[in-house]
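Look at the model first.

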Amino acid sequence: MKNYLKKQYKKNRKLRINHSYLVEQFSDYSKIFKEIEKIVKKGDYTLGQKVDEFEKKFAKRTGAKFVIAVGNGTDALYLSLKCLNIDRGDEVITIPYTFVSTVGSIVTAGAKPVFVDIKEDYNIDEKKIESVITKKTKAIMPVIWAGRPCELDKIKIIAKKYNLKIIQDASQAIDSRFKNKQLIYFGDICTYSMHPLKNLNIWGDGGFIATNNKRIANKLYLLRNHGLINRNKSKIFGYNSRLDTIQAVVANYKLKNKLNTITKKRIKNAHLFDKLLKINPNVKIMKRFPHLKEVFHIYHINVKKRDQLQQYLIKNGVDAKVHYPIPIHLQPAAKYLKYKKGDFPLAEEMANTSMSLPVHEFIKESDIKYVANLINNFFKYN
């Protein structure tokens, strides 16, 4: 149970077209080193000036009045729940088809995750939310899956009707829009991750929380830093989840020099995949809508013979992945919730048929055509 990723990284490097591109995305690291050198000379490592700059810049980027930088995307979710006083006995509605951190944050906050099934776009089925609302329900946590917004306006109406908070897990959704509006317009809190594999990526873990509510922001500033209002006085008991100043330097650099290009290229690459694969009746791709700005943290398709196709692509040098093969309600950690197979049929179907293809900014048009041809040829002869 040590670092299980080492063998995976070594194996992935042998592939021609990879999901991970950590070396390439920071090939201009020397420019960042110059800014970090200034931090070292100042000794400004914790909640420093560059963190303040980061929060101001990303508040503007996300359309929020306040951004609170924290240690990682999971902490962003967890601290948001604690800030809203969600605790033992409370319930939070979310989906079972997501990365484990979404649900893990609810559980570690002391609350109970309550699942509703997804739709074919992997996002929460807003029509099923009201059926699971109880007196214990305190919040809805929609996941902006792969950077594709769910029906946020309808969720906002439901939340207002039942006096519930909305915490958007937007870890994969920097730069997404719904009906030309920023995501924060449709909820109390949006949380983001800057893990090295995210669209906005840094040199380790990092995250931030966006909100328009000053009371929420002020409490989050306290919670992330032991509840301290100065070096010696703690207003509330809090946590230690501060974005390192060095990581803020990296994030500021990516915002200024890279993020616009990353977003545009991922969208362009995804649309080319759409064009090349939609002619194949064996491949199901998402229908695109003009009111959704998707940023394609993941480009996913649904196919029969998924496992065979995945191995065929890997054999031909393509890092095809599955996000995620085991829905959360069927994870060993979720046994105590007493969900069973068949409770969320669409989530389970997606888990069995979904595949993710490399869509990052370093993939070439020729690479996309190569991958699409492999997929089309596979179904031609299988």
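Q: Which residue in strand 7 stands opposite Phe178?
A: This is a predicted model, where local features need pLDDT of at least 70, side-chain atom pairs count only at pLDDT 80 or more, and totals for chains, interfaces and linings use all residues. Residues are numbered from 1 along each chain as its sequence is written, and side-chain values use heavy atoms, without hydrogens or water. Strand 6 (residues 177-178) pairs with strand 7 in the antiparallel sense over two bridges (pairing takes at least two DSSP bridges; strands are DSSP E runs of at least two residues, helices H or I runs of at least four, numbered from the N terminus). Opposite Phe178 stands Lys181.

Q: Which strands are the edges of the open sheet?
A: Three strands form the sheet, antiparallel, in the order 7-6-11. Each edge strand pairs on one side only: strand 7 (181-182) and strand 11 (292-293).

Q: Why is helix 11 oblique to helix 13?
A: Axes are lines fitted to C-alpha atoms over the stretch in contact, with angles from 0 to 180 degrees between N-to-C directions. Helix 11 (residues 306-315) and helix 13 (residues 365-381) pack with axes 10 Å apart, at an angle of about 135°. That angle makes helix 11 oblique to helix 13.

Q: Which residues in helix 6 does helix 5 meet?
A: The axes of helix 5 (residues 73-83) and helix 6 (residues 100-108) come within 9 Å and cross at roughly 35°. Contact means heavy atoms within 4.5 Å. Thr74, Leu77, Tyr78 and Leu81 in helix 5 meet Ser101, Thr102, Ser105, Ile106 and Thr108.

Notes:
Angles under 35 degrees count as roughly parallel, over 145 as roughly antiparallel, 65 to 115 as roughly perpendicular and the rest as oblique.
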